[in-house]
Structure formats: C-alpha cells, structure tokens
Amino acid sequence: MSAALALVLLLAPPPAVENAGTTAVRSAAAGLAAAIGQALRATAGPQWIAYAVPVEAGRQMCCGHGDEACCRGCRLERDTGFSQRGGRTARLEAGPSGTVYLRGEEGRVSRVRLFSADCSVDVGGRPLTWLTDVAPAESVRLLASYVEAREGEGRPLADAALAALAFHEDPLADRVMIAMARRDASSHVRGQALFWLAHKAGEKAASTIAQAIDDDPDADVKEKAVFALSQLPRAEGVPRLITLARTHRSREVRKKAMFWLGQSHDPRALEFIEDVLTR
C-alpha cells in the first residue's frame, strides 16, 4: 500500500449512503476497538459503524452490476440490492479501497459486511458512525478477534469477518488466515480460511492448502482443502489436483481430486482422466 493511499484512507470522508438516520464522524487514532466501543455506548439501539480499508486490486464487492447509467447498491438491513441511478457513489482515486460496515446493538457488534468504496448502501434508517484514522492492521486484528470469539450464534459473525479479512490488502491478513487454516481449533474455520486463501492464490495459499490435505485430522477439512485447490488459478490448481489424484495416500482425497478435475474442463484434466480410464 502506498503512503498516499494510506493517508487518503486515514482521512477519508464518509461514503455516499442512502437512508441514514443520523451520521457522526469519530477518529480512531487512539485505537479502532476503542472507537467502536465509544460508538456502541453512544447509541443504545441498532446502528452501523463504518470505516475504509485498502483492498486488493481487481476485487469488486457490491450487490450486482448494471448498465452505465445504473449500478446496484446494497441494503445493509435486508441483504438485498437496489437500483441506483446517477453518479452518486464516492470513488477514491489513490487506489482500491473498501468499506467495512459493522452492525452494533446492545453494546456489541452482531454483523460484518464489506463493500467496495464505490458501492452505494442503504442504511435502513439506522444511525451511521464513520470512523477516520483507521490503521489497516488494526482492522485485520479486529476482524480476527470476531473469528476467535465465535460461539454458537456468533458463527455467522465469524464467517462474515473472515470473508472481510480475505479482501484486505494488508499482508497481515494473509498471515492471520494462514494461521487460522493451520491451527484453529474449529474445523469449520480451518475450512473457511482455506477457501478464502485459495481465492487469494499465491504460493503461500497453495502450500497451506496442501498441508491441510496431508495433515489435518478432519475429513471435512481435507475435502474443503481439495475444493480450495480447484479455486486456484488453473496454472496452479490443475497440476496440483492431478498430482493428488495420482499419488495421494487417501482414497477419498483422490476421489475428490478426480471430481474437481472433471469440473475444471481443462484439457490437461481430460488427458489425465483418459489416461486413467485406458490403462
């Protein structure tokens, strides 16, 4: 992340929103968690707290795409999109950014959503607190804490926080997800981390996924890891799947690798499958 983009995001104005009850601006210079705590104490009822973070280039996060005159905004309260006409979205020219939205109620955060900065949102009449001076690494640590603190009904919050982590441009996000994929006590979290790592690709992701296939004791995690390989760019994923299908010690892993090879429609996969069938 460039210094210019970091400065823009630290001082970024509130995004263009629809239907906000009230809008307040607070600085998170003294700490993101502390600023969120202040916002939660200031409003007893349901509210949204938002801030900007750098995201990886080429990642588009909104509720859909329209023609040049219309884009799809997102309704925070209803998980649906809406048609937005006109140039009312806000763009940051210094580089790609996203907006993290946290829903607060009764002193705690209950939901996490992340959209591209140029995606309009409908706040559903709830108050909105916009946080400035947010350090990207603090956002990573905050979202990771929601994953770590999951219990029972907190699982949807943990899943959403992990998904938001996957879009962060800060290198700390990759390291946190790799740690989750390798060591988290929950097989569900390990599997979800593997899924998002696969979408980020890269050698770190591939090696973490391969380690899970070999070493994770949970069969469901192994299955998700094989699927994660199928989500890597074909230049990486297909050869690795072929190797798994040919040599892995687990019959179930080999079967899953063959299944995803069949779904890939890749000529190399077809050649391998044909070779197996005609031996």
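A polar contact is a pair of N or O atoms within 3.5 Å; within protein, one must be able to donate a hydrogen and the other to accept it, and residues adjacent in sequence count only if both atoms are side-chain atoms. Helices (H or I, at least four residues) and strands (E, at least two) are DSSP runs, numbered from the N terminus.

This is a predicted model, where local features need pLDDT of at least 70 and side-chain atom pairs count only at pLDDT 80 or more, while totals for chains, interfaces and linings use all residues. Residues are numbered from 1 along each chain as its sequence is written, and side-chain values use heavy atoms, leaving out hydrogens and water.

Let's start with helix H11. At its start, a side-chain oxygen of Asp266 comes within 2.8 Å of the backbone nitrogen of Arg268. Seen down the axis, the buried residues of H11 fall within an arc of 95° (taken from the directions from the axis to the C-beta atoms), so they line one face. Buried means under 20% relative accessible area, exposed over 50%, and partly exposed in between (1.4 Å probe, protein chains only).

| Part of H11 | Residues |
|---|---|
| Buried | Ala269, Phe272, Ile273 |
| Exposed, on the other side | Pro267, Leu270, Glu271, Thr278 |
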